[in-house]
Amino acid sequence: SPSSQSSLFPTGLGVIRITPTTSDLDNITNSLLSANVAQDKKDKKAKMKDAVATAKHVITSYTKHFDIVEVEVLLDVNFVKATQGGGVATWLDAGAQRVVLDEESVHIARVPPHRVVLMCRPSTIPVPDPSLSLYLNIPLISLSLTTTTPGLKEKSEHWFNSYKNPKGVRGIVEVGKEADIKVEEIVSMLKSGWSVVVEDGDSTLLATATALSFKTDRPDGLFTTVVVDRTGVALGLVYSNVESVVK
């Protein structure tokens with residue numbers, strides 16, 4: 001089973017985000033650095049395969065327990081620097097659909113923008129200029145709200161307003177388990193076009209916020225609802241009210 005030092009974060013239907021352990025990252029770094037200095041081509045190739053095998057083992061240790069469609073891997077900037085960006089591609093070669101990188105790592109990584117999720121923490125960085133090509137070239141931005149820092153709500157609202165559908169950019173708001181957030185704030189985020197994930201979240205809180213963000217033109221106020229399984233296959237059509245969605 002996955003190491004207790006690793007962490008797993010669901011970011012969507014059939015999607016998980018993995019944070020590898022420092023040990024796993026060190027093993028991959030050592031393999032890639034050995035490959036860089038290897039004189040023999042076979043030895044170089046073997047070391048690179050070792051790095052991919054380690055990454056694949058980490059991914060498999062999670063996905064074998066779940067019905068997973070896509071995997072995202074959150075990578076530490078120190079790992080990205082140590083491997084000169086090459087370690088990012090290793091995780092993609094191992095089967096991850098996307099890598100999650102901070103602003104500094106994005107500049108170093110040598111991977112296509114559509115395989116990157118930009119991780120931003122508005123509690124520690126200023127509101128960016130959305131005209132910057134760095135942001136507009138990346139189709140998925142993950143906004144991490146993990147503290148109750150004063151002014152965090154106002155700063156995150158600036159983000160929401162800045163990133164309302166610029167060139168197809170999609171956003172995920174990740175709310176850490178220690179963050180104090182109310183259902184009204186989640187509803188506001190959803191209505192702004194962001195997906196919201198709450199770590200160790202209250203299922204009733206999330207379901208209520210989701211239901212309250214729905215729109216319907218039916219006179220009885222019911223929502224037309226398609227029931228699907230975890231892979232997105234439609235199972236049937238029903239009509240739901242807020243209470244039934246919450247349950």
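This is a predicted model: local features need pLDDT of at least 70, side-chain atom pairs count only at pLDDT 80 or more; totals for chains, interfaces and linings use all residues.
Valine 228 belongs to strand β9. With a relative accessible area of 36%, valine 228 is partly exposed, because that value falls between the limits of 20% for buried and 50% for exposed.

The chain has 247 residues, of which 39% count as buried. Its accessible surface comes to about 13,500 Å², and carbon and sulfur atoms account for 52% of that area. Where contacts join residues at least 6 apart in sequence, 57% of them link residues at least 24 apart.

The stretch that leads into β9 may be considered next. Serine 213 is found in the loop between α9 (203-212) and β9. Serine 213 has a relative accessible area of 17%, so it counts as buried. When neighbours within four places in sequence are left aside, the contacts of serine 213 are Val187, Leu190 and Lys191. A search of the whole structure finds one aromatic pair. The partners are phenylalanine 214 and phenylalanine 223, whose ring centres lie 5.2 Å apart; the planes stand at 75°, so the arrangement is edge-to-face. Phenylalanine 214 is partly exposed, at 37% relative accessible area, whereas phenylalanine 223 is buried, at 10%.

An α-helix has 3.6 residues a turn, so residues three or four places apart point the same way. After α4 comes glycine 95, which has a positive phi, near 120°.

The structure holds five salt bridges. In one of these, the side chains of arginine 17 and glutamate 72 meet at 2.7 Å, N to O. This pair links distant parts of the chain, with arginine 17 in strand β2 (residues 15-19) and glutamate 72 in strand β3, 55 residues apart. Arginine 17 and glutamate 72 are both buried.

Glutamate 72 also meets the side chain of arginine 98 in a salt bridge, at 3.1 Å, N to O. Since glutamate 72 lies in strand β3 and arginine 98 in strand β4, the pair ties together parts that are 26 residues apart in sequence. Both of these residues, glutamate 72 and arginine 98, are buried.

A further salt bridge joins glutamate 104 and lysine 81, with the closest N and O atoms 2.7 Å apart. Here too distant parts of the chain are linked: glutamate 104 is in helix α5 (residues 103-108) and lysine 81 in helix α3, 23 residues apart. Glutamate 104 counts as partly exposed, at 38% relative accessibility, and lysine 81 is likewise partly exposed, with a relative accessible area of 40%. Through salt bridges that share partners, Arg17, Glu70, Glu72 and Arg98 are joined into one network.

Definitions and conventions. Residues are numbered from 1 along each chain as its sequence is written. Side-chain values use heavy atoms; hydrogens and water are left out. Helices (H or I, at least four residues) and strands (E, at least two) are DSSP runs, numbered from the N terminus. Buried means under 20% relative accessible area, exposed over 50%, partly exposed in between (1.4 Å probe, protein chains only). Rings of Phe, Tyr and Trp (its six-membered ring) pair if their centres lie within 6.5 Å; planes under 30 degrees apart count as stacked, over 60 as edge-to-face and the rest as tilted. Contact means heavy atoms within 4.5 Å. Accessible areas come from the Shrake-Rupley method with a 1.4 Å probe; for residues, only the protein chains shown count as cover. A salt bridge is a side-chain nitrogen of Lys or Arg within 4 Å of a carboxyl oxygen of Asp or Glu.
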